[in-house]
Amino acid sequence: MRTTTAGDVTVLLPDLDPEDLDQVTDLPDDDLHDSLVQDASWRGRQIADWNIRGCRITGADLGEITWEGGALYGCEIDRTDLSGATLTGVSIERCSVTGSRFTGTRLIDVRLKDVLFDNCRFDYATVNRVSAGGSVAFTDCTLVHGTWSSCRLSGVALRSCDLSDLQLDSCRLDGADLRGSRLHAFTAPLDNLRGVALTEDQLPELTRMAVVALSIDVRADHGTSAT
């Protein structure tokens, strides 16, 4: 059993043997199991109620795909482009995703459990009603200019990520580990961040958020003058 730890979060990873995988280049008509997919292009394809299990996908172009329903289970995804893709109602469990691009991707009603995103780009991504049902970690990821709404991500790890200009709305991020992440212009309702873990050098950004959220009027103190 392979695991990885990010902060206090331990993620169960897939344990694939390349010799047990069959090489696949074309997108099959039904589910994909125990396959090795290298440098394939399925850009713009539409799939529904489709399951991918026990596969390694590397260097693939899955940009602008539309995937509704189904599951991604026990898979390794490496250096794969999912820019502009739309995933709706997909369950992702026991997967590692490394060095992949989700620029402008839309994730809607996606369920995550034992998932690691490492060194991935989620810039300008829209994440709506995504929930974490188990251990989930983002490490060294770029999530700038994204919009996350109505998500349930309590206790996730967002370690050493760039969260600049990321906007959260009605998201449960309580207990999340944000240590080492860049929070420049990061915005979220303060009650969405209850119990998050931060380092001391991140406190000025949290103070900025509190000042904005509470409409605090910060003024220079010129003292009183006698007349």
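The protein has an accessible surface of about 11500 Å². Carbon and sulfur atoms own 44% of that surface. Keep in mind that this is a predicted model.

Now take in the overall build. The C-alpha atoms fill a box of roughly 90 × 35 × 25 Å along the principal axes. Of its 227 residues, 44% count as buried. Look next at which residues touch. Take the contacts with a separation of 6 or more: 10% of them are between residues 24 or more positions apart.

Charge is the next theme. The protein carries 21 positive and 36 negative charges. Some negative charges gather on the surface. Asp15, Asp17, Glu19, Asp20, Asp22 and Asp34 form a patch of negative charge there. Pick out Glu19 from this group. Glu19 sits in the loop between strand E2 (9-13) and strand E3 (22-24). Its relative accessibility is 73%, so Glu19 counts as exposed, because exposed means over 50%.

Other charged residues pair up. The structure holds 14 salt bridges. Three of them are worth a visit.

Start with Arg2 and Glu76. Their side chains meet in a salt bridge, 3.3 Å from N to O. Arg2 belongs to strand E1 (residues 2-6) and Glu76 to strand E9 (residues 76-78), so this pair ties together parts that are 74 residues apart in sequence. How covered are the two partners? Arg2 is partly exposed, with a relative accessible area of 33%. Glu76 counts as buried, because its relative accessibility is 13% and the limit for buried is under 20%.

Move on to Arg43 and Glu64. Their side chains also form a salt bridge, at 3.6 Å from N to O. This pair links distant parts of the chain, 21 residues apart. Arg43 lies in the loop between strand E5 (35-38) and strand E6 (46-53). Glu64 lies in the loop between strand E7 (56-58) and strand E8 (66-73). Both partners have some cover. Arg43 is partly exposed at 37% relative accessibility. Glu64 is partly exposed too, with a relative accessible area of 47%.

Asp109 is partly exposed, with a relative accessible area of 29%. Arg129 counts as partly exposed at 40%.

Salt bridges can also share partners. That is how Arg2, Arg56, Glu76, Asp78 and Arg79 join into one network. Arg2 and Glu76, the pair from the first stop, are both in it.

Finish with Thr86. It lies in strand E10 (residues 86-88). Is Thr86 buried or exposed? Thr86 is buried, because its relative accessible area is 16%, and buried means under 20%. Which residues does Thr86 touch, not counting those up to four places away in sequence? They are Ile65, Thr66, Trp67 and Arg106.

Notes
Residues numbered from 1 in each chain as written. Predicted model: local features only at pLDDT ≥ 70, side-chain atom pairs only at ≥ 80, totals over all residues. Heavy atoms only, no water. Patch = residues over 30% accessible without salt bridge, like charges linked within 9 Å, V, L, I, M, F, W, Y side chains within 5 Å. Areas by Shrake-Rupley, 256 points an atom, 1.4 Å probe, with all protein chains shown as cover. Salt bridge = Lys/Arg side-chain N within 4 Å of Asp/Glu carboxyl O. Lys, Arg positive; Asp, Glu negative; His and termini not counted. Charge placed at Lys NZ, Arg CZ, Asp CG, Glu CD. Helix = DSSP H or I, 4+ residues; strand = E, 2+ residues; numbered from the N terminus. Buried < 20%, exposed > 50% of the residue type's maximum accessible area, 1.4 Å probe, protein only. Contact = heavy atoms within 4.5 Å.
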